[in-house]
Every structure is written in C-alpha cells, then in structure tokens.
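This report concerns the salt bridges of one protein model. The sequence and structure are shown first.

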Amino acid sequence: YAPKNITTTLKNKLGKTLGSEDFNMDENTGKAIGTMILVEPEYRHKNFRFGEILRLSSIMMMLENKIKEFEIFSKNTAVFFHNKYKFEPAIMVFSERNLALKMILENCKNKVEYEDIYKEANKLLKRCTIETEASSQRNLCKETNDLLKTYMKRITKKNDYKDHPFSNGMRMILTDKNIQDNKDFFNDLFKKHEIDYKI
C-alpha cells in the first residue's frame with residue numbers, strides 16, 4: 001500500500017530478527033527518510049555491532065539506488081552514534097536550534113577546553129533573540145549546525161560522550177558526498193563485518 005516505505009531486517013541463520021530499520025525512499029527526488037532504526041533489546045549495549053551493520057546496509061541502499069541524501073531525526077541518545085557514521089546536524093526548526101545551543105552552553109560551562117565553543121554558542125543564542133527576520137533565523141540554523149559539527153568532532157576525539165549528553169534529538173543528514181569522502185572508513189567496516197561490498 002506504500003511502496004516507498006521499506007524495512008531492512010537483520011536476521012541470524014535461524015531467522016530470528018536481531019534488528020531492523022524503517023525508511024522511506026524516493027528515487028525520483030534522490031532522497032530517503034529514516035523513520036526508525038532498532039536493535040532488539042536483548043542485543044543492545046553488548047558490542048554485537050548490529051546497529052553498525054544496519055547503518056552499513058543503509059549506505060549500500062543509498063549508493064545502489066542513487067540516493068543523494070538520507071535524512072533522519074535522531075533521538076538525543078543516538079546523536080553520537082549517527083555522527084560516528086558521518087551523519088551531520090541539519091537543524092531547520094528554530095526552537096530545536098535554540099535547545100541545541102542551550103545544551104551546548106550547559107555542557108561546556110566552566111570547561112576550559114570548550115571555552116571557544118561556549119562563547120560561540122552564547123553569541124548565537126543572543127543573536128537568535130535579536131535577529132528576528134526569517135532569513136536571519138534560517139542562517140542562524142546553518143551557523144548552529146556548523147558549531148554542532150565542530151563541537152561533536154572535538155568530543156569524538158576525546159571520547160567523553162558521557163560528559164556531553166544531548167538533552168534533545170535533532171534532524172541529521174548523510175549525503176552521498178560524505179560517503180564518498182569517507183569511503184576508506186566505510187570500506188574498512190564492510191571488511192570487518194565480512195560484507196561483500198566496496199565503495
């Protein structure tokens with residue numbers, strides 16, 4: 001009844017479902033929207049990497065169907081997971097942007113190594129209340145996304161996710177360009193999981 005709605009299912013040899021991903025794909029527009037990625041509760045946080053395998057399957061889906069952009073709304077607890085696989089913040093809703101900036105301020109307060117990030121977030125949040133024109137507000141979303149990218153890159157290096165929790169989820173996007181730019185990273189993962197695929 002909805003041919004654009006697709007579910008990828010990861011199963012073991014006995015046919016038991018280990019995880020799945022639901023998404024909507026439109027080859028005409030070159031866009032896909034992920035609605036849910038799920039690893040069965042008994043396999044979570046046990047280092048089986050089923051979420052990673054599902055992510056790799058969505059990368060294969062994008063490349064094989066010439067999808068240019070894969071959009072998701074990440075839960076707050078999964079932002080770093082998606083960022084690891086080269087999804088980038090793509091906030092467009094003004095209230096969502098403001099919450100993200102407040103979260104950065106909360107997480108970076110009194111942390112010397114994040115002082116520049118803190119100052120920039122503070123500046124942007126002040127501008128959000130002053131620059132009320134729609135075009136300025138949209139531009140502030142773009143600037144916030146850029147700041148989030150810089151912020152997350154720094155946390156990934158330091159591996160201190162727990163000190164920087166996200167209080168809210170956010171819209172994130174993976175582009176075919178990002179996949180190509182990081183093909184060595186993805187090809188190593190395909191190899192690690194013995195998936196017969198190469199970018």
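The sections below describe selected salt bridges in this predicted model.

## Overview

Side chains of opposite charge can pair when their charged atoms come close. The predicted model holds 16 salt bridges. Among them are the pairs Glu69 with Lys31, Arg171 with Glu71 and Lys119 with Glu115.

## Pairs involving strand β4

Glu69 and Lys31 form a salt bridge through their side chains, with an N to O distance of 3.7 Å. Because Glu69 belongs to strand β4 (residues 69–74) and Lys31 to strand β3 (residues 31–39), this pair ties together parts that are 38 residues apart in sequence. Glu69 is partly exposed, at a relative accessible area of 23%. Lys31 is also partly exposed, with a value of 44%.

A salt bridge also joins Glu71 to Arg171, where the closest N and O atoms are 3.2 Å apart. Glu71 lies in strand β4 and Arg171 in strand β6 (residues 170–175), so the two residues, 100 apart, link distant parts of the chain. Arg171 counts as buried because its relative accessibility is 17%, and buried means under 20%. Glu71, at 22%, counts as partly exposed.

## A pair within helix α4

In the salt bridge between Lys119 and Glu115, the closest N and O atoms are 3.5 Å apart. Both residues lie in helix α4 (residues 115–130), with a separation of four residues, about one turn of the helix. Lys119 is partly exposed, with a relative accessible area of 49%, and Glu115 is partly exposed at 41%.

Terms used. Residues are numbered from 1 along each chain as its sequence is written. This is a predicted model: local features need pLDDT of at least 70, side-chain atom pairs count only at pLDDT 80 or more; totals for chains, interfaces and linings use all residues. Side-chain values use heavy atoms; hydrogens and water are left out. A salt bridge is a side-chain nitrogen of Lys or Arg within 4 Å of a carboxyl oxygen of Asp or Glu. Buried means under 20% relative accessible area, exposed over 50%, partly exposed in between (1.4 Å probe, protein chains only).
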